[in-house]
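Please open the structure in your viewer and keep the selection tool ready.

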Amino acid sequence: MQIDRVELEPRTLLGVHENVKMADLTEYFGRAFEVSAAAMAAQGLTPAGPPLALYHGMPTDTVDVTAGFPIAGPAHGTADVVVTELPAGSAIASVYTGPYDGMTRTYDEIAAWLREQHLTPGMYMWEEYLSDPETNPDPATWQTRIVFPLT
């Protein structure tokens, strides 16, 4: 697995923010991406990158997450969506290939690498979904970019 040091530019995320049970993530993501896409269209916006999920802290049985799309240009929150700034600066990133339920090992490897490098991740991290399961039904080929901003 390759882990790269990267410099992040500031980005804006339009998405649905909720505390979700881990067992309900698949349903939440489908709904969050649909609601976010509708809010973008209503505001005349287009995605400025792949859909992503911003995790606010470490998951337990539930996860505090905002899922939606990075956007370019001004946006406003509504009753259904929030506008969140993604952190800029130093980070690490890795691309995982495979089904979503197999990502645990990748997270374990990233955590070990961070310890070995004496790096401290920030409060937030995110996953960028580079493959669309609707147009690419083979989970073995799905790619997810995992990003950890550093403190």
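Rings of Phe, Tyr and Trp (its six-membered ring) pair if their centres lie within 6.5 Å; planes under 30 degrees apart count as stacked, over 60 as edge-to-face and the rest as tilted. The model is predicted, so local features need pLDDT of at least 70 and side-chain atom pairs pLDDT 80 or more, while totals for chains, interfaces and linings use all residues. Residues are numbered from 1 along each chain as its sequence is written, and side-chain values use heavy atoms, without hydrogens and water.

First, select Y28, F29, F33, F69, Y100, Y129 and W142, which form one aromatic cluster. The whole structure holds 8 aromatic pairs. One of them joins Y100 and W142; this pair is tilted, with 4.8 Å centre to centre and 35 degrees between the planes. Y100 lies in the loop between β6 (89-97) and α2 (104-116), and W142 in the loop between β7 (124-129) and β8 (143-149), 42 residues apart. Helices (H or I, at least four residues) and strands (E, at least two) are DSSP runs, numbered from the N terminus.

Are these two residues buried or exposed? W142 is buried at 11% relative accessible area, whereas Y100 is partly exposed at 31%. Buried means under 20%, exposed over 50%, and partly exposed in between (1.4 Å probe, protein chains only).

Next, select F29. Leaving aside neighbours within four places in sequence, F29 is in contact (heavy atoms within 4.5 Å) with A53, Y55, V65, A67 and Y129.
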